[in-house]
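Let's take a walk through this one together, going from the overall layout down to a few side chains. Have a look at the sequence and the fold before reading on.

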Amino acid sequence: VLATLMSSISYMGVPGEMIKNGVAMFAQYLALPLSMTVVLFVWVPFFMRLRFTSAYEYLERRFDVQTRIIGSLLFLMLRLGWMSMVTYVGSLALSQMVGTLIPADTVDPIARWFDPSAAEPAMMRASFLYWIIVSVGLSATVYGSVGGFRAAIWNDVLQSVMLFGGTVMTL
C-alpha cells in the first residue's frame, strides 16, 4: 500500500520540503502507519461485509446515483492531476540529464532566431522536455494497456525496490 502511494514527486520533492519547512514535514509520514491501520482494519472489512466492490457503490446505495457520479468525477480529476504532475516532474528530471549530454551546436536555429538571447542549454532542455513528456506518457500507456493489472503490480514492486534501495544507499 505504501509503495503505490510513492512517486517520483515524493522521492525528489520531500527532501527539498524537509529542508524548507524542517522536521514538521516528517510528521505526515509518522501518521502513515496509523492511517494504514485504520484503512486495513476498519474500512476494508466494512466494505467487505457489505459486499461492495468500491466506495462509490456505497455512495450510490447510501445517497443516490448523482453522489456516486460526483465522487467518481472528483476522484478522476484528482488522479489525472496527480498523474500529470508525476509525469512532468519525472520528465523534468530526465530532460535535465539528457540536456547536458547533447552538444550545444545542435540547438534549433529557428528557436535561436526567435530568441537569440536565450541560453543554449536552457533551450535544449526545454525542447527535449516536451519529447520526454510524450515518450514517458506513451510508454506508461503502452505497458499499462498491454500488461494490464499484472504490469501495474510489477511496476509498483520495481519502483519500491528502486526507491527504498536508493534511500538505503544514500543513507
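What you're looking at is a predicted model, and its protein chain has eight helices and zero strands. Reading from the N terminus, the elements simply go α-α-α-α-α-α-α-α.

How much of the chain is buried? Buried residues come to 13% of the 171 residues. As for contacts with a separation of 6 or more, 54% of them link residues 24 or more positions apart.

Met48 sits in helix 4 (residues 32-49). Its relative accessibility is 57%, so Met48 counts as exposed.

Next, the charged pairs: the whole structure contains two salt bridges. In one, Arg61 pairs with Glu57, with 3.9 Å between the closest N and O atoms. Both residues belong to helix 5 (residues 55-62) and are four residues apart, about one turn of the helix.

Another salt bridge joins Glu60 to Arg68, and here the closest N and O atoms are 2.5 Å apart. Glu60 has a relative accessible area of 30%, so it is partly exposed. Arg68, at 29% relative accessibility, also counts as partly exposed.

Methods: Residues are numbered from 1 along each chain as its sequence is written. This is a predicted model: local features need pLDDT of at least 70, side-chain atom pairs count only at pLDDT 80 or more; totals for chains, interfaces and linings use all residues. Side-chain values use heavy atoms; hydrogens and water are left out. Helices (H or I, at least four residues) and strands (E, at least two) are DSSP runs, numbered from the N terminus. Buried means under 20% relative accessible area, exposed over 50%, partly exposed in between (1.4 Å probe, protein chains only). Contact means heavy atoms within 4.5 Å. A salt bridge is a side-chain nitrogen of Lys or Arg within 4 Å of a carboxyl oxygen of Asp or Glu.
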